[in-house]
Amino acid sequence: MTQDALLFFNNNPEALPLYEFFEKRVLAEIENVTVKVQKTQISFSNKRNFAFASLLPARKAKDRPRVYLTVTFGLSSRVDSPRIDAAAEAYPNRWTHHVVVGTQEEIDEELMGWVKAAAKFSAGKR
């Protein structure tokens with residue numbers, strides 16, 4: 001965990017444990033990942049960005065957990081799951097998906113499977 005990542009959560013420290021758990025899993029399960037803290041998101045990349053963690057809301061406030069992290073990833077096709085809060089085809093055959101995570105238990109094999117697939121998809125792009 002970098003100082004920049006800690007500062008990212010300065011205004012929302014309750015979400016930091018969710019991020020720490022997510023980052024730990026990504027770094028343990030996917031090779032050659034670079035983490036970059038930006039103003040509105042933290043990006044995970046191999047050749048290109050494949051996943052993002054942010055505090056941006058992907059669903060209406062009344063439907064969001066009080067403490068949450070939004071995990072965003074890109075795949076070649078749309079994932080059909082009730083866990084996906086929003087999906088959009090940003091470019092042809094490039095679907096961006098947003099998942100709101102409210103507990104560490106939600107950073108599970110299904111979510112990590114999508115993130116791993118996004119890393120593989122990203123690494124294969126020219």
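**Figure legends: fold, surface and Lys120**

**View 1. The elements in order.** Reading from the N terminus, the elements of the protein go α-α-β-β-β-β-β-β-α. The radius of gyration is 14 Å, close to the 14 Å that the globule rule gives for 126 residues, so the protein is as compact as a globular protein of that length. Keep in mind that this is a predicted model. Along the principal axes, the C-alpha atoms take up a box of roughly 35 × 30 × 25 Å.

**View 2. Inside the fold.** Of the 126 residues in the protein, 40% are buried. Now for the contacts with a separation of 6 or more: 52% of these link residues 24 or more positions apart.

View 3. The protein has an accessible surface of about 7300 Å², and carbon and sulfur atoms account for 49% of that. As for charge, there are 18 positive and 15 negative side chains.

**View 4. A look at Lys120.** Lys120 is part of helix α3, which covers residues 109-124. Is this residue buried or exposed? Lys120 has 68% relative accessibility, and the cut-off for exposed is over 50%, so Lys120 counts as exposed.

**View 5. Lys120 and Leu27 together.** Along the sequence, 93 residues separate Lys120 from Leu27. In space, the pair is 14 Å apart, going from C-alpha to C-alpha.

Notes. Residues are numbered from 1 along each chain as its sequence is written. This is a predicted model: local features need pLDDT of at least 70, side-chain atom pairs count only at pLDDT 80 or more; totals for chains, interfaces and linings use all residues. Side-chain values use heavy atoms; hydrogens and water are left out. Helices (H or I, at least four residues) and strands (E, at least two) are DSSP runs, numbered from the N terminus. Buried means under 20% relative accessible area, exposed over 50%, partly exposed in between (1.4 Å probe, protein chains only). The radius of gyration is taken over C-alpha atoms; the globule rule is 2.2 Å times the number of residues to the power 0.38. Contact means heavy atoms within 4.5 Å. Accessible areas come from the Shrake-Rupley method with a 1.4 Å probe; for residues, only the protein chains shown count as cover. Lys and Arg count as positive and Asp and Glu as negative; His and the chain ends are not counted. The place of a charge is taken as NZ of Lys, CZ of Arg, CG of Asp or CD of Glu.
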